[in-house]
Amino acid sequence: MTALAESPSPVRPPAGRASARARSGAAHVHGWLLLLPAAVLLGAFTHFPAVATFIDSFFSTPKGARPSRFVGVDNYRAMFEDPIFWQSLENNAIFAAGTIPASIALALLMALWVNGKIRGRGLLRLAYFTPTVLPMIAVANIWMFFYTPDYGLVDQIGKLFGAGAHNWLGTRSTALACLMVVTIWKEAGFFMIFYLAALQQISPVLAEAAAIEGSNRWYFFRRITFPLLMPTTLFVLVNAIINAFRMVDHVVVMTRGGPDNATSLLLFYIYEVAFRFWDTAYGATLTMVLLLILAGLALGQFLFFDRRVHYR
């Protein structure tokens with residue numbers, strides 16, 4: 001008789017390896033479950049509206065019983081022929097170029113000042129940060145009083161030097177500059193907090209070594225402090241650009257885009273088109289242009305500053 005060949009028993013992984021795989025799989029599932037609420041909110045309130053806005057920009061605005069219809073790139077063609085759009089874009093470029101460097105430089109100077117050993121340092125930090133916690137509408141109303149012709153604080157100070165009354169918010173040559181001053185005053189204290197936190201993370205050993213070598217303060221700041229602050233500068237710069245292109249509160253309260261569209265920024269023009277004139281399709285088109293501008297600027301910043309940022 002031929003003996004039946006015994007079938008080989010299946011090879012089983014060691015119990016320790018199987019339990020390790022189970023724990024790893026459970027950890028992955030647990031991690032995704034923790035990310036799920038944030039992912040749902042991000043998709044529902046960020047990505048889905050962006051995609052829906054992009055689609056709406058190729059349709060006409062529904063009005064009454066007339067539904068929207070596909071119009072292709074007609075909205076984009078109308079945008080390129082819109083002089084108010086180009087005026088708003090130019091105003092926003094000037095606004096960003098004037099407020100971003102000034103607010104970041106002022107924030108860095110304030111952070112360096114309050115990081116030193118000075119008397120009343122806590123009160124000084126509070127004074128610098130106070131404009132940040134004030135509501136933007138309240139800030140706009142306060143500065144409207146400052147800019148009031150003849151009775152405002154600015155004209156009262158000007159009278160001490162022999163200057164006459166001036167309609168600061170009603171003149172094309174000064175209205176946008178007045179908004180820029182308000183923005184710098186409000187945002188510098190916010191950016192100062194990030195610089196102050198970064199300065200406090202720099203080891204004092206570096207300053208002691210530089211002092212032993214005979215380096216002055218300016219050389220130490222240029223060669224040591226500022227390079228170590230580059231990650232913070234990149235973060236602040238991205239936020240400053242986003243804030244410059246989403247400024248609308250001060251414009252609505254103080255000037256409403258006037259005089260003669262001299263202070264009409266891009267987001268304010270989108271608000272006017274979409275919610276005042278109720279042309280939602282054209283508003284979606286302008287919104288896509290704003291998103292592309294912000295995305296391009298943010299990408300350019302990361303590519304340009306990547307070689308200059310020293311992470312620790």
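**Loops, helices and contacts in the predicted model**

Trp278 is found in the loop between helix H12 and helix H13, the latter spanning residues 280-305. The structure described here is a predicted model. In this model, Trp278 has a phi near 60 degrees, a positive value in a residue other than glycine. With a relative accessibility of 51%, Trp278 counts as exposed, because the exposed class begins over 50%.

A positive phi of about 60 degrees is also assigned to Asn261, which is not a glycine either. Asn261 is placed in the loop between H11 and H12. Its relative accessibility is 29%, so Asn261 is classed as partly exposed. The loop between H11 and H12 also holds Pro259. The peptide bond leading from Gly258 to Pro259 is cis, with an omega near -5 degrees.

Confidence in the prediction was considered next. The mean pLDDT of the protein is 86, and 92% of the residues reach a score of at least 70. Among the elements, helix H3 (residues 83-115) has the highest mean pLDDT, at 94. The lowest mean, 82, belongs to helix H8, which covers residues 204-213. Over residues 1-5, pLDDT remains under 50. For that stretch the model shows zero contacts beyond four places in sequence. Where pLDDT is low, predicted coordinates should not be read in detail.

The largest nonpolar core comprises 59 residues. Within this core, the residues with the most contacts are Phe85, Phe95, Ile100, Tyr195, Met254 and Leu286. Helix H7, made of residues 172-200, is the greatest contributor to the core and supplies twelve residues. For Phe95, with neighbours within four places in sequence left aside, the contacts are Leu176, Leu179, Met180, Thr183, Ala244, Met247 and Leu265.

Tyr195, one of the core residues with the most contacts, is also in contact with Thr233. When neighbours within four places in sequence are left aside, the contacts of Thr233 are Tyr195 and Phe226. Thr233 belongs to helix H10, which runs over residues 230-245. At 9% relative accessibility, Thr233 counts as buried, because that class covers values under 20%.

Charged pairs form a further group of features. Side chains of opposite charge can pair when their charged atoms come close. Four salt bridges are present in the structure. In one of them, the side chains of Asp74 and Arg77 meet with an N to O distance of 2.6 Å. Both residues lie in helix H2 (residues 74-80), three residues apart, or about one turn of the helix. Asp74 is partly exposed, with a relative accessible area of 38%. Arg77 is likewise partly exposed, with a value of 45%. Arg77 and Phe191 are separated by 114 residues in sequence and by 39 Å in space, taken from C-alpha to C-alpha.

Another salt bridge joins Lys159 to Asp150, with the closest N and O atoms 2.6 Å apart. Lys159 is partly exposed, at 39% relative accessibility. Asp150 falls in the partly exposed class as well, at 29%.

A salt bridge is also formed by the side chains of Arg172 and Asp260, with an N to O distance of 3.5 Å. Arg172 is partly exposed, with a relative accessible area of 45%, whereas Asp260 is exposed, at 60%.

Finally, the surface was inspected for nonpolar patches. Val29, Leu33, Leu36 and Val40 make up a nonpolar surface patch of about 370 Å². Of these residues, Val29 lies in helix H1, which extends over residues 15-56.

Key. Residues are numbered from 1 along each chain as its sequence is written. This is a predicted model: local features need pLDDT of at least 70, side-chain atom pairs count only at pLDDT 80 or more; totals for chains, interfaces and linings use all residues. Side-chain values use heavy atoms; hydrogens and water are left out. pLDDT is the predictor's confidence in each residue, from 0 to 100. Helices (H or I, at least four residues) and strands (E, at least two) are DSSP runs, numbered from the N terminus. Contact means heavy atoms within 4.5 Å. A nonpolar core is a set of buried Ala, Val, Leu, Ile, Met, Phe, Trp, Tyr and Cys residues joined through side-chain atoms within 4.5 Å. Buried means under 20% relative accessible area, exposed over 50%, partly exposed in between (1.4 Å probe, protein chains only). Patches are made of residues with over 30% relative accessible area and no salt bridge: like charges are joined within 9 Å, nonpolar side chains (Val, Leu, Ile, Met, Phe, Trp, Tyr) within 5 Å. Accessible areas come from the Shrake-Rupley method with a 1.4 Å probe; for residues, only the protein chains shown count as cover.
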